[in-house]
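Please read them with the coordinates open beside you.

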Amino acid sequence: MEPFDLLGQPDVPRALQHGEGWEAFRDLAFIGQMTLVLVIAMTLSAAIAYHPSTRRKARTLAELEQPKTFIMYSIVGALIALIVKVQPSMALVVFGIGGLLRFRTFVGAAKDTGRVILVTVLGLCCGLQLYVIAVLGTAFGWLLILALERRAVGRLVVQGLEREHIARAAAEHARILEQAGCMILGEERNVLKGITAFVYRASEQLDRPRLEAQFEALPDHQRGAIQWESA
């Protein structure tokens, strides 16, 4: 006979009520609720991150890559909220870890910081035996990184071009990039210094050595020194 509590409700173990332990994977309703939270957080943050008004103004590599950071931080925020909801005392712990990462740890670019915070939060979930949240957070984070990094933003700088031929040289370099599957997002040109630069979006399998060989095959007056920049 199933035990009941004082209110006449089935006596569910505390760990299962709070999503703790491996037994929580049997609670499909809890898993569905956690999944819905992460999906909503990702969807709403993407609506803000990829707002057309700000995307039209993006010119630098950092600005073009910024939405990825926003979405990653939204997932981190959702996971932290789930942890604090289950264990309110963890709020101060999360705050302390955030301060340590912010002021004492150098992790590179903002999106790298997002990944560091994400794995830290996942570690907290494991420490609290919130395995459902940890597994779902890992899955969402993994798929999110896969989707966001499939097409990266980069910058190609061509220097040492002759002033009178810079327009034609820029057109030829843009043609080679587009034939390789790159999408030209913007172009900067300094005629006096003989420099032209392209901001492009391409897949992570972009074959730079092959492109450099094609650039080298251009006529002398259209060829310049190549420099690649990545976000």
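1. Ser45, leaving aside residues up to four places away in sequence, touches Phe70, Ile71 and Ser74. The place of Ser45 is in helix α2, which covers residues 28–49, and in this predicted model the residue has a relative accessible area of 11%. Since the cut-off for a buried residue is under 20%, Ser45 counts as buried. One of the residues that Ser45 touches, Ile71, returns in the next point, where Ile71 is listed on the α4 side of a helix contact.

2. From α4 the contact is made by Lys68, Ile71, Met72, Ile75, Leu79 and Leu82, while α7 brings Ile133, Gly137, Leu144, Ile145 and Leu148. Sorted by class, the residues of this contact divide into 9 nonpolar, 1 polar and 1 charged.

3. Leu82, one of the α4 residues in that contact, deserves a separate entry. Leu82 lies in helix α4 and, with a relative accessibility of 9%, counts as buried. Not counting residues up to four places away in sequence, Leu82 touches Met34, Val37 and Ile133, and Ile133 is among the α7 residues that make the contact with α4. The C-alpha atoms of Leu82 and Cys125 are separated by 9.4 Å, although the two residues are 43 apart along the chain.

4. Are the cysteines Cys125 and Cys182 buried or exposed? Cys125 has a relative accessibility of 0% and counts as buried, and Cys182, at 6%, counts as buried too. A search of the whole structure finds 0 disulfides.

5. The charged side chains can be taken next, and here the count comes to 8 salt bridges. In one of them Glu188 is paired with Arg155, with 3.3 Å between the closest N and O atoms. This pair links distant parts of the chain, given that Glu188 is in strand β2 (residues 183–190) and Arg155 is in strand β1 (residues 151–159), 33 residues apart. How do the two partners stand in accessibility? Glu188, at a relative accessible area of 42%, is partly exposed, whereas Arg155, at 19%, is buried. A reader using these classes may wish to keep in mind that the cut-off for buried is under 20%. Arg155 and Glu188 also belong, together with Glu229, to a network of salt bridges.

6. Two further salt bridges can be named. Arg210 and Asp207 meet through their side chains, the N to O distance being 4.0 Å; Arg210 counts as partly exposed at 42% relative accessibility, and Asp207 counts as partly exposed at 35%.

7. Glu172 lies in helix α8, residues 166–179, and is buried, with a relative accessible area of 10%.

8. Finally, the overall layout. The secondary structure comes to 9 helices and 4 strands, and from the N terminus on the elements run α-α-α-α-α-α-α-β-α-β-β-α-β. Of the 231 residues in the protein, buried residues make up 36%. Among contacts between residues at least 6 apart in sequence, 70% join residues at least 24 apart.

Methods:
Residues are numbered from 1 along each chain as its sequence is written. This is a predicted model: local features need pLDDT of at least 70, side-chain atom pairs count only at pLDDT 80 or more; totals for chains, interfaces and linings use all residues. Side-chain values use heavy atoms; hydrogens and water are left out. Contact means heavy atoms within 4.5 Å. Helices (H or I, at least four residues) and strands (E, at least two) are DSSP runs, numbered from the N terminus. Ala, Val, Leu, Ile, Met, Phe, Trp, Tyr, Cys and Pro count as nonpolar, Asp, Glu, Lys and Arg as charged, and the others, Gly among them, as polar. A disulfide is a pair of cysteine sulfur atoms within 2.5 Å. Buried means under 20% relative accessible area, exposed over 50%, partly exposed in between (1.4 Å probe, protein chains only).
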